[in-house]
Amino acid sequence: MLALRLLLAFALPLISALKFDIQAHPGHESASKERCIRNFAGNGQLVVVTATVSGSRGDGQTLNMHIKDAINNDYHRPRDVVGENRYAFTSHADSPFDICFENIITGHTNVGAPYRTVELDVDVGADAKDWTSIQADEKLKPIEASLKRISEVAKEIVDEMNYLKEREMMLRDTNESTNTRVMYFGIGTMGMLVALGVWQIVYLRAYFRSKHLI
């Protein structure tokens, strides 16, 4: 696992960004036409989102972005995004976050089915840092900068493993607590059924005696 992550640390810069088209729609449509990309960041991790959007302002389309996490933290909400844009934020919690795009028709366009092309690149943690600037500021050699980056990637792996371990412990405790509650519920249900059966026997016996049937 560690070797794989370290390999990815060198390979990721060579991987092209996610690229997709998003159709424009009238803004009065009731159904949301957002397209969201989801990623995960740990508490306190730096995240850098780079979005390169085709088109130009005033071409009849307005592409809006919304960067938020699963616990209702809003990080950025830029409007009318065109060209290359970079947004950085620090995650407030261990939570997935969504990068949502919505393209709205705001004027006349010569295209029958207008759309914008979005090229998205998301860097989290050590990958989000500007290692060229760090190397220059700290006067590091290229190998020293690479080792420092690998060290931070390894630390993130350890933190992620610890987080997964804590989650596993929480889920195990929840599972054991649920099993205990189900067991007590089952015992209580059996006790109630036994008590109801005894009461029915006593009641019917008293009823039949009152009618002189036994």
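Student: Is Asn72 buried or exposed?

Tutor: Asn72 counts as exposed, at 71% relative accessibility. Keep in mind that this is a predicted model.

Student: Where does Asn72 lie?

Tutor: In the loop between β5 and β6.

Student: And how far apart are the C-alpha atoms of Asn72 and Phe97?

Tutor: They are separated by 9.4 Å. Along the chain, Asn72 and Phe97 are 25 residues apart.

Student: Let's zoom out. How many helices and strands does the protein have?

Tutor: Three helices and nine strands.

Student: In what order do the elements run from the N terminus?

Tutor: One α comes at the start, then the run of β elements, then α-α at the end.

Student: How much of the protein counts as buried?

Tutor: 27% of its 214 residues.

Student: Now the open sheet. What is the strand order?

Tutor: The order is β1-β9-β4-β7. Four strands make up this open sheet, and their pairing is antiparallel.

Student: Which strands stand at the edges?

Tutor: β1, residues 18–23, and β7. Each has a single partner strand, so one side of each lacks a neighbour in the sheet.

Student: By what angle are neighbouring strands turned against each other?

Tutor: By 25° on average, with direction ignored.

Student: What holds strands of a sheet together in general?

Tutor: They pair through backbone hydrogen bonds, either parallel or antiparallel.

Student: Back to β4. How many bridges join it to β9?

Tutor: Seven, and β4 and β9 run antiparallel.

Student: And how many bridges pair β4 with β7?

Tutor: Eight bridges, again in the antiparallel sense.

Student: Which residue stands opposite Val49 in β7?

Tutor: Tyr87 is opposite Val49 on that side. In β9, Val49 stands opposite Val122.

Student: What is the bridge partner of Ala51 in β9?

Tutor: Leu120.

Student: Why call β4 largely enclosed?

Tutor: Because six of its eight residues are buried, β4 is largely enclosed by the rest of the structure.

Student: Switching topic. How many salt bridges does the structure hold?

Tutor: Eight. One of them is between the side chains of Arg57 and Asp80, at 3.6 Å from N to O.

Student: Where are Arg57 and Asp80 in the chain?

Tutor: Arg57 is in the loop between β4 (46–53) and β5 (61–69). Asp80 is in the loop between β6 (74–76) and β7 (83–90). The pair links distant parts of the chain, 23 residues apart.

Student: Is Arg57 buried or exposed?

Tutor: Arg57 is exposed, with a relative accessible area of 55%.

Student: Which residue does Arg77 form a salt bridge with?

Tutor: Asp74. Their closest N and O atoms are 3.4 Å apart. Arg77 is partly exposed at 43% relative accessible area. Asp74 is also partly exposed, at 48%.

Student: What about Asp127, which residue is its salt bridge partner?

Tutor: Arg149, with the closest N and O atoms 3.0 Å apart. This pair links distant parts of the chain too. Asp127 sits in the loop between β9 (115–124) and α2 (131–137), and Arg149 sits in helix α3, 22 residues away.

Student: Why does Arg149 count as buried?

Tutor: Its relative accessible area is 18%, and buried means under 20%. Asp127, at 25%, counts as partly exposed.

Student: Staying with α3, which residues does the helix span?

Tutor: Residues 142–210, and Phe208 is found in it.

Student: What does UniProt list for residues 182–204?

Tutor: The record, an unreviewed entry, lists "transmembrane region" there.

Student: What does the chain do over residues 182–204 in the model?

Tutor: It is 100% helix and 0% strand. The end C-alpha atoms of that stretch are 33 Å apart.

Student: Last topic, the nonpolar surface patch. Which residues make it?

Tutor: Leu196, Trp199, Tyr203, Leu204, Tyr207, Phe208 and Leu213. The patch covers about 740 Å².

Student: What is the relative accessible area of Phe208?

Tutor: 33%, so Phe208 is partly exposed. A patch residue needs over 30% relative accessible area, and Phe208 has 33%.

Key:
Residues numbered from 1 in each chain as written. Predicted model: local features only at pLDDT ≥ 70, side-chain atom pairs only at ≥ 80, totals over all residues. Heavy atoms only, no water. Patch = residues over 30% accessible without salt bridge, like charges linked within 9 Å, V, L, I, M, F, W, Y side chains within 5 Å. Areas by Shrake-Rupley, 256 points an atom, 1.4 Å probe, with all protein chains shown as cover. Salt bridge = Lys/Arg side-chain N within 4 Å of Asp/Glu carboxyl O. Helix = DSSP H or I, 4+ residues; strand = E, 2+ residues; numbered from the N terminus. Buried < 20%, exposed > 50% of the residue type's maximum accessible area, 1.4 Å probe, protein only. UniProt positions renumbered as here; feature names shortened; annotations may be inferred. Pairing = 2+ DSSP bridges. Axes fitted to C-alpha atoms, helices over the stretch in contact; angles between N-to-C directions.
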